[in-house]
Amino acid sequence: MVGFHPAIHTFVSYFPWIATHFTPATETGSMTASYVIIGDGIAGSSAAETLREEAPDAEITVITEEGEALYNRILIKEYAKGKLPEAPISIHDTDWYADREIDLELDTVVTNIDPDGHAVTTYEGETIEYDKLLVATGGTPTQLPVDNSDADGIHHFWTFQDARNIREHIEGADSATIVGAGLLGIDLAAICGAQEVEANYLMRGDCWWRYALTEEGAEIMHDAMRERGVTPVFQSGVDHFETDDEGHVTQRSTPTASGSTPTLSASPSASTSTPRSCRTSTSNRTTASSSTSTCEPVSTMSSPPAT
Ligand SMILES: Cc1cc2nc3c(=O)[nH]c(=O)nc-3n(C[C@H](O)[C@H](O)[C@H](O)COP(=O)(O)OP(=O)(O)OC[C@H]3O[C@@H](n4cnc5c(N)ncnc54)[C@H](O)[C@@H]3O)c2cc1C
């Protein structure tokens, strides 16, 4: 796969802003300034490390909604494929933060920022005050705007925990559907191929990554998918998901070519929906239906991702 993820460009383009506005305490004259960093991805964690080096006396708090410290997000696909164990994916453990006197708040979702009051509020209702704040929240998948898109068996694909869930479910699955013809969707296709799970890969256009590749380039990718048991399904999308009595996803429904009549079919058809998230779901061998994933890099953060 080639090219940079859009979030990288976003981060790089904001870097001058961070450098200008997140000046360490030693440069502002205050030795005990407090810094809050929302996000423990590579951006947030690196900022905390640099701050500690530049401002030895500062209070530094890193907040993350995830339940574990920094890991290599790019490698989680290798874990989901079954090609890597957990250990090499982790970058820091909690001791790394403790050793640097950085307060790491795991499993903590920031729901509000009060810039005038210099405070953030968490989902649990805690208020954390700051002198300076860095928002390093990266990208977070949002849910497909269709019925049952939060059904059991549909996964986001952004966190290490998502990768664990996908790996666990895909190991017991016999079929899958992938939605979202972008760079993360192709990762899901590769995961299905590596785990020898047959998949349909739904794409809204006539080819994978249609905005970036030529027809010839896309055809190379399509052939590679087919060789791995992943069938590209063009002009297609998801209208809604069907679930069983226990709320587990069993089918994804595509609209007809006119987009007017939802049908329970895996046949190619045009989609009226716009995938906005990076999700996958699997159905296990006890069901006769497909599993579904959709994937699109997103830049906004709202609520904690459903798992
Ligand atoms: C499967 C996958 C494959 C990828 N492959 C590549 C690749 O090959 N090449 C490449 O360049 N890029 C790739 N990327 C993209 C790359 O991982 C991201 O661009 C990078 O992780 C962004 O880093 P970040 O620190 O800005 O944000 P993130 O890594 O997204 O970290 C954001 C942090 O903010 C936290 N957070 C968000 N909202 C809140 C909140 N409200 N409260 C508390 N905490 C919050 C999150 O929990 C997380 O800790 C891939 C991404 C994925 C998911």
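A residue counts as buried here if 20 or more other C-beta atoms lie within 10 Å of its own. Keep that cut-off in mind as we walk through this predicted model.

**Helix 7**

By that criterion, the buried residues of helix 7 are L183, L184, G185, I186, D187, L188, A189, A190, I191 and C192. Because 10 of the 12 residues of this helix are buried, helix 7 is largely enclosed by the rest of the structure. From its first C-alpha to its last, helix 7 (residues 183–194) reaches 17 Å, close to the 16 Å expected at 1.5 Å a residue. After the helix comes E196, with a positive phi near 55°.

**The sheet and its helix**

Four of them form an open sheet in the order 3-2-1-7, paired in parallel. Strand 3 and strand 7 stand at the edges with a single partner strand each, so one side of each is left without a neighbour in the sheet. On average, neighbouring strands of this sheet are turned by 15° against each other, direction ignored.

Strand 1 and strand 2 run parallel and are joined by 5 bridges. Within this pairing, V36 has T61 of strand 2 as its bridge partner. Helix 3 packs on the sheet and touches strand 1, strand 2, strand 3 and strand 7. The direction of helix 3 makes about 170° with that of strand 2.

| Strand | Residues |
|---|---|
| Strand 1 | residues 34–38 |
| Strand 2 | residues 59–63 |
| Strand 3 | residues 102–105 |
| Strand 7 | residues 132–135 |

Key
Residues numbered from 1 in each chain as written. Predicted model: local features only at pLDDT ≥ 70, side-chain atom pairs only at ≥ 80, totals over all residues. Helix = DSSP H or I, 4+ residues; strand = E, 2+ residues; numbered from the N terminus. Expected span 1.5 Å × (residues − 1). Pairing = 2+ DSSP bridges. Axes fitted to C-alpha atoms, helices over the stretch in contact; angles between N-to-C directions. Contact = placed C-beta atoms within 7 Å.
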